[in-house]
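Have the viewer open as you read.

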Amino acid sequence: MSSCEDIKRSIIDEALAAIVCNVIKPHSGWDPVCCGDTCFSTVFRNASGVLRNVSSAGEHARGCLRNCEHLVECLLYVVRAAIEKNNIGNKTVENCVCILRNLSYRCQEVEDPNYDKHPFITQDRAIPSSSKGENLGCFGTSKKKKEVSATEALQDYSISTEYSKSSVTNSQMNKGYEQLWQPEVVQYYLSLLQSCSNPETLEAAAGAIQNLSACYWQPSIDIRATVRKEKGLPILVELLRMEVDRVVCAVATALRNLAIDQRNKELIGKYAMRDLVQKLPSGNVQHDQNTSDDTITAVLATINEVIKKNPEFSRSLLDAGGIDRLMNISRRKEKYTSCVIKFASQVLYTMWQHHELRDVYKKNGWKEQDFISKNFTAHSTPPSSPNNANNTLNRPMASQGRTRYEDRTIQRAPSSSYRNNDSSGAVMSNNESALLSEMVRKQL
């Protein structure tokens with residue numbers, strides 16, 4: 001029932017408190033007063049499945065679930081316990097991570113519901129540190145620290161002062177939905193991404209990082225930095241090689257949002273370009289058939305974010321065979337959506353803006369016309385469209401992702417002879433089923 005869009009709100013308004021108080025809280029193991037850790041029971045799995053479904057029902061649903069007392073704490077506790085017990089491939093963990101992913105969507109709306117309508121994008125700054133460990137890149141190689149002037153250092157400090165002070169002051173008081181975006185949650189998601197084999201859980205964990213890093217406020221800045229410091233970028237890049245398209249899509253979009261952070265951008269450009277290019281269509285039908293337009297769009301957005309102000313990474317894109325693939329996409333209007341065509345054209349246009357590489361392009365046999373599409377430039381905002389903050393390609397990407405819960409242990413008969421089974425195992429006739437459906441409609 002909770003997968004039916006028409007009744008999700010009614011379930012939230014009428015049943016949310018009962019589900020959390022009677023099942024989620026006592027069975028999660030979070031509350032020491034309750035009966036203990038039985039979160040892998042059938043009742044907890046099904047209750048978390050209900051919440052997974054309704055958590056996708058828009059702003060009202062997110063608000064109700066975020067404000068439901070102890071729900072977020074219980075979900076995080078279950079995920080942590082599952083990681084500690086190395087029991088992460090089950091449906092319960094999948095449901096919990098999907099709920100957390102959905103509640104992380106548009107997280108900045110708790111302060112400003114219209115945050116994403118502002119015409120600016122926050123530029124992350126690297127906060128200076130005296131720690132020697134900060135010189136090490138997350139891919140296991142040394143990374144030179146850029147010099148930071150006294151003025152920039154002061155600006156960096158000022159940017160994070162307000163949130164940092166409140167974080168320190170309230171470090172023991174982070175309760176409820178605020179725990180969704182504490183940097184500590186990054187460790188849970190990265191542990192799942194590194195060890196879990198369940199594609200649904202992998203997609204949800206990557207989607208949670210994607211959502212948390214998509215906003216403009218200080219918690220998102222902190223999340224982007226934490227993923228790097230926790231060595232999360234190599235984990236995400238490795239997952240680009242998976243054959244499961246929806247996982248690759250979530251991972252590529254997470255990388256795109258993480259690349260807002262300048263140091264992340266440099267690492268992604270240096271170490272992930274070849275893997276990103278490999279996910280673009282090559283013209284080989286067998287290679288391309290498993291990659292969706294959504295994934296292609298996410299990969300193109302990531303590439304554009306990395307190369308738009310860095311000719312070195314544009315050269316890396318060239319060396320990885322990216323130009324041929326981009327041109328293959330931009331010329332196949334009958335095959336790809338207008339969004340994919342537009343993004344591919346945008347990336348080519350961005351490459352052409354690096355004047356120092358034009359001779360290299362020409363030596364490889366390409367002309368200006370190969371990089372600048374007439375259809376694209378007609379709708380662009382010259383002369384600096386690729387770097388325009390309001391351009392769709394240059395804004396963070398957020399999504400709730402897939403949310404529908406389906407208990408695969410339930411055997412479903414073919415639709416022609418479908419019967420509804422109640423919890424006692426009795427079979428409901430077609431007439432009774434139709435009557436029940438009519439009663440539900442009238443009640444609603």
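Let's start with Arg62, which counts as buried at 4% relative accessibility; buried means under 20% relative accessible area, exposed over 50%, and partly exposed in between, using a 1.4 Å probe and protein chains only. Arg62 sits in helix α3 (residues 58-67). Helices here are DSSP runs of H or I with at least four residues, strands are runs of E with at least two, and both are numbered from the N terminus. The C-alpha atom of Arg62 is 9.5 Å from that of Ile99, although the two residues are 37 apart along the chain.

Some housekeeping: this is a predicted model, so local features need pLDDT of at least 70 and side-chain atom pairs count only at pLDDT 80 or more, while totals for chains, interfaces and linings use all residues. Residues are numbered from 1 along each chain as its sequence is written, and side-chain values use heavy atoms, with hydrogens and water left out.

**The whole chain**

The protein has 22 helices and two strands. Of its 444 residues, 50% are buried. Take the contacts (heavy atoms within 4.5 Å) with a separation of 6 or more: 74% of them join residues 24 or more positions apart.

**Helix packing**

Two helix pairs are worth a look. Axes are lines fitted to C-alpha atoms over the stretch in contact, and angles run from 0 to 180 degrees between N-to-C directions. For the class counts, Ala, Val, Leu, Ile, Met, Phe, Trp, Tyr, Cys and Pro are nonpolar, Asp, Glu, Lys and Arg are charged, and the others, Gly among them, are polar.

| α1 (8-28) and α2 (42-54) | about 145° | 10 Å | 13 nonpolar, four polar, one charged |

The crossing of α10 and α11 is left-handed, meaning that the near helix is turned anticlockwise from the far one by less than a right angle (clockwise would be right-handed). On the α10 side the contact uses Leu233, Leu236, Val237 and Leu239, and α11 brings Val248, Val251, Leu255 and Leu258. Leu239 is buried, with a relative accessible area of 9%. Leaving out residues up to four places away in sequence, Leu239 touches Leu193, Val248 and Val251.

α1 also passes α2 in a left-handed crossing. Its contact residues include Lys8 and His27 of α1 and Phe44 and Asn53 of α2.

Over in helix α17 (residues 322-330), eight of the nine residues are buried, Arg325 and Asn328 among them.

**Aromatic pairs**

How many aromatic pairs does a search of the whole structure find? There are six, where rings of Phe, Tyr and Trp (its six-membered ring) pair if their centres lie within 6.5 Å, with planes under 30 degrees apart called stacked, over 60 edge-to-face and the rest tilted. One of them is Tyr115 with Tyr216, edge-to-face at 6.1 Å centre to centre and 75° between the planes. Tyr115 lies in the loop between α5 (91-104) and α6 (150-169) and Tyr216 in the loop between α8 (199-212) and α9 (218-229), so the pair ties together parts 101 residues apart in sequence. Tyr115 is buried at 5% relative accessibility, and Tyr216 is buried at 8%. Elsewhere, Tyr177, Trp181 and Trp217 form one aromatic cluster.
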